[in-house]
Amino acid sequence: MMFTRQHEPNWSQVSGRYPRTRSKRVYIHPPLADSLVEVRPDLTLIIKDALARKGQLRRGHGFLLGAQAGGNPQFFDFRKVEQGYLSPKEPILFSSLAQSGFDHRMTSLTVKEPDGGTRVHLYLSITNLHPNLTRSGDWYFASVEDKHENFYVDINEDYVPYDQVVAPWLKGMELEHRANDSLNGFLLDQQGVTILRYGASSGTRAEYAARAGEFANILKFNMELAPGETKEIHIEIFDTFTGRMNEFASVRNENFLDEETAMDCCRQIWNQALTGKASIQVPEPIIQAIFDTAQTNSLQLIAERADGSALPGQGGFNEYTVVYSWEVAVYLKMLNRLGYGDTVKKTLQYFMSTQAGSKGPDGDIVSPQGSFRAHIFWMCETGSVLGLLADYYLTTKDKLWFGEHLPAIVQACEWIERERGATKIVQEDGTKVAHYGLLPKGRVHDWPDRGHFFFSDAYTWQGLHLMALALKDWGHPDAAKYAEAALDYRECLEAAVRQATYPHPSDEHIRWISNEVYTTPGVKRGVYAIDGPVSLLNTGLLRADDPIIPEIEYGMRNHFSMSDLFAVKLPEMEDAQLGKLQEQYAGSAVDLYYVNHSERIWHRVWSLRGEREKALRYFYSTMAFSTTLDTHHVQERFCPQLPWLSPWQPNGSGNGRVMEMILNSLYLLEDRALKLLPCAPAEWLEIGKRIEVNRVETYLGELSFTVTRSSLQTVNIEIQPPVGIQEIEVTLILKGGYQIRKVQMLTGDGQELEWNGTFNGDKLHLPNPQQELKLIAWLTEEKGMA
């Protein structure tokens, strides 16, 4: 049954299906910072060293409240907090909640220090909500140090809902208090390094208390507020956790930054970081906010080291030394497209360094020599790094960099070929083994399964294939050799897939592709919805028009967990103890969905196949349930029963996936065919709305275009396509059933040119396009449509 375009899936319809997740950690540090600052929903924050120089040690700071003067300090109730960024491109956090008859509003931001460090500014305003009574109270500020595990219910806190643990906050850091007066002062450590300074509104009595209830070594602010009166506490936290020195003599006479000035300084940092890059504009504010937040947060997930290289973090609670190559490559490739090649280049220096002394992946390998081995042990790590290196070169055409690193690149290609060579086994009867020409048996991903998984080989093949293209473009003399190797790898992989394709065990009328060469129907290994045929779709080993695609989808929907909103429902939490904790918090069994990875793949496939309703449903489901309600940060998993669970939030690879999904709605580049608006929501083409993509990088060069619905009857299209585009297809799905009745093609100064393309219904096709195009699509309303 055909759906009407007026009622296609939209944000309101889909996002309202389940409660959305809240943000339990919000980053406020600047790009490339090595000190990470995460603000928590109870007005506390954690500072950690991105480069793991402090091990599991963390420094905590935070406000606490005394319900009345002399009262015992207590945490703010995070369940009542409202939090949000000033704007998605300016991570200045506003947190607010009312408690004990006072309204509390905190602004959290960071500014850069001259030595490259980061200074945290916290502005807490307190308002007496009583209409008639003057009231007094105590507010506290704690500074503590403890191991990561002691701040949380479980050391793997990403899989436990946010909750407050009191113990590490009870014993504050033993600091020296130097008060200027009753309103202002400093706290110094035993080496004379300034940890923080504070200032408060007039009439405040500030002191450093050795004891306040159960808490030790804590700043105390006593205030008296008239009805409706507001007072403020300002805390500046110096970047000393990683060893930077802020001597008291050098900061004692500094002027305080008022809140407005500090916000301007922070905004300038981000404006400088984002200026001159690609820009994406869509007319739906929530989607724009999600894209911008993912872009900004991706820059916060990269920490620069002293040698100029940088570590790309995956997010969650880990330091950035825990590098997942396959995961982080998703957002690093997206940053390449958006013009942040210089930032990505810093991370590539790190990846190249992992080849020396590599112990290789967790598998039955011949030798680790030549492999890339970051933190994680997956079999596809070397292929993932090769693909990332190739993507950087093909996007930036940085020939000098590529030439400098050719020896390491070639060694990695040779590692793949050597490992594949060991599996090219011909049996006594002359037949090839089923895993002929694939990688050796090994660990596929975080789940404990080992075998010849297509996930491992698909992404390794993709890396080798992209590198062969890069070598050819650069002019390497052995480019043809590696192109032939990539082709052979593909043929071996396709032969293995054919052998692992069976009639479905529950429905002989459809085919079932195993996720591992030797896994037969009915046997479950790995996570099929993630490491099964979608890895073939994502890497192009299966094309979107392959006739087996509907069979794969049918099998996934009817015999696995795929639904209209989610592609991957996990059968259980892989850690049983954490699973029990989740159920305890929920008071019932929980549903846990692995979000945005497989949904992104299906969205692209359905967009190319013209299956618009399904694609849009996954689009809005991913935007809603992969991101948090309050700050739009991406997470790895979604649990409708636990809004404070938000696993691996913020999430690096998820950032890349949601940005790519939004871009895939705007354009797809298939070979040398450019498809504009393959699955843009009809709402985006209402009268007066504008879509703009400016200076996005592709392997063929820059792409820019705008699409504007200028009137009821016209859509204006301007395109600056990359060099080498042989065909452009524009899809205009509009509310009300409007279709194209005429197309005008214009020169830059508005002179009409002969239209040499075709159009039919809601699509127009233009072969051999010029470098700059201006089109006007004239519309007519289809009869019979409301």
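P650 lies in the loop between β24 (637-638) and α19; helices (H or I, at least four residues) and strands (E, at least two) are DSSP runs, numbered from the N terminus. The model is predicted, so local features need pLDDT of at least 70 and side-chain atom pairs count only at pLDDT 80 or more, whereas totals for chains, interfaces and linings use all residues. Residues are numbered from 1 along each chain as its sequence is written, and side-chain values use heavy atoms, with hydrogens and water left out.

The peptide bond between Q649 and P650 is cis, with omega at about 0°. The phi of H632 is near 65°, a positive value in a residue other than glycine. Most residues other than glycine have a negative phi, and most peptide bonds are trans.

Helix α18 (residues 612-625) packs against helix α19 (residues 652-666) at an angle of about 150°, with the axes 11 Å apart. Axes are lines fitted to C-alpha atoms, for helices over the stretch in contact, and angles run from 0 to 180 degrees between N-to-C directions. The two helices α18 and α19 are therefore roughly antiparallel (angles under 35 degrees count as roughly parallel, over 145 as roughly antiparallel, 65 to 115 as roughly perpendicular and the rest as oblique). The crossing of α18 past α19 is left-handed, meaning that the near helix is turned anticlockwise from the far one by less than a right angle. The contact (heavy atoms within 4.5 Å) involves Y618, F619, T622 and M623 of α18 together with V658, M661, I662 and S665 of α19. By class, this contact of α18 with α19 has six nonpolar, two polar and no charged residues; Ala, Val, Leu, Ile, Met, Phe, Trp, Tyr, Cys and Pro count as nonpolar, Asp, Glu, Lys and Arg as charged, and the others, Gly among them, as polar.

Helices α11 (residues 454-474) and α12 (residues 479-499) have axes that come within 8 Å and cross at roughly 160°. Helices α11 and α12 are therefore roughly antiparallel to each other, and their crossing is left-handed. Among the residues in contact are W461 and L464 of α11 and Y482 and Y489 of α12. The contact of α11 with α12 comprises 15 nonpolar, two polar and three charged residues.

For helix α6 (residues 325-337) and helix α8 (residues 381-396), the axes come within 9 Å and cross at roughly 5°. That angle makes α6 roughly parallel to α8. Contributors to the contact include W326 and R337 of α6 and E381 and Y392 of α8. Six nonpolar, five polar and four charged residues make up the contact of α6 with α8.
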